[in-house]
Amino acid sequence: MKVLLVNGSPHANGSTYTALHEMEKVFTEEGIEAEIIQIGNQDIRGCIACNGCRKKGSCVFEDAVNETAAKFEEADGLVVGSPVYYASANATLIAFLDRMFYSTGFDKTMKVGASVVSARRGGLSATFDELNKYFTIAGMPVASSQYWNSIHGNNADEAAQDLEGLQTMRTLARNMSFLIKSIALGKEKYGLPEKETKVGTNFIREI
Ligand SMILES: Cc1cc2nc3c(=O)[nH]c(=O)nc-3n(C[C@H](O)[C@H](O)[C@H](O)COP(=O)(O)O)c2cc1C
């Protein structure tokens with residue numbers, strides 16, 4: 001069993017990393033392989049809506065998106081971490097997630113998702129909600145903790161002093177481990193839920 005932890009911060013060892021690392025330690029204790037992928041300091045452009053991925057099966061731009069997508073396909077869980085920038089996620093991370101989720105056709109049903117956010121002061125729960133949207137459009141159950149998954153601190157030293165934030169991360173990782181293991185058992189016993197042929201509608205109607 002494997003979990004990917006994506007760090008959307010440009011700081012490889014900052015506040016967001018402190019939260020992700022706290023989770024990584026618990027995953028290891030739980031016997032789940034964990035890999036932190038550093039994204040926020042990479043040059044990752046946004047989606048250009050060319051729909052080239054529909055033919056190619058992956059994004060037309062060869063960068064960390066396609067590399068991580070291959071790992072995501074194999075993984076049982078995905079944690080997405082971001083610093084809060086103007087009450088929203090870091091723009092590089094959003095470019096990465098838009099392209100990774102849009103360009104990949106593999107089934108994400110029952111891969112467990114979780115988002116974690118770090119900030120000096122405000123905008124945490126708005127960012128948390130924003131990131132969870134990627135999971136809930138993809139059939140991915142969202143793991144939760146004892147509080148909305150956030151840590152306070154402008155840097156790693158400050159984040160390390162947020163004892164409640166760190167505990168929230170450990171609880172989240174334990175709950176996520178339980179879900180991943182339970183889903184693995186469920187898949188063996190019941191298989192994945194049946195899928196209907198997808199119906200697509202839009203809001204343009206003739207009067
Ligand atoms: C462009 C920018 C915008 C920011 N906006 C916010 C904000 O809206 N609310 C907040 O509390 N902190 C804000 N911050 C501070 C970061 O969220 C905070 O330093 C974060 O913990 C850094 O995480 P990191 O060490 O993982 O990069 C902002 C920082 C930057 C660089």
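Mentor: Leaving aside neighbours within four places in sequence, Tyr 17 is in contact (heavy atoms within 4.5 Å) with Asn 7, Ala 12 and Ile 36. The model is predicted, so local features require pLDDT of at least 70 and side-chain atom pairs pLDDT 80 or more, whereas totals for chains, interfaces and linings use all residues. Residues are numbered from 1 along each chain as its sequence is written, and side-chain values use heavy atoms, without hydrogens and water.

Tyr 17 belongs to helix α1, where helices are DSSP runs of H or I with at least four residues, strands are E runs with at least two, and both are numbered from the N terminus. Between Tyr 17 and Leu 179, which are 162 residues apart along the chain, the C-alpha separation is 23 Å.

The greatest contribution comes from β3, with three residues. In total, 17 residues surround the ligand (a heavy atom within 4 Å), and the closest are Ser 9, Thr 16, Arg 121, Gly 153 and Asn 154. By residue class, the shell comprises six nonpolar, nine polar and two charged residues; Ala, Val, Leu, Ile, Met, Phe, Trp, Tyr, Cys and Pro count as nonpolar, Asp, Glu, Lys and Arg as charged, and the others, including Gly, as polar.

Turning to individual atoms, an oxygen atom of the ligand lies 2.8 Å from a polar backbone atom of Ser 15. For Ser 118, a side-chain N or O atom is 3.2 Å from a ligand oxygen. At Gly 122, a backbone N or O atom is 2.8 Å from an oxygen atom of the ligand. Of the 650 Å² of accessible area (Shrake-Rupley, 1.4 Å probe) that the ligand has on its own, the protein covers 76%.

Note on methods. A polar contact is a pair of N or O atoms within 3.5 Å; within protein, one must be able to donate a hydrogen and the other to accept it, and residues adjacent in sequence count only if both atoms are side-chain atoms.
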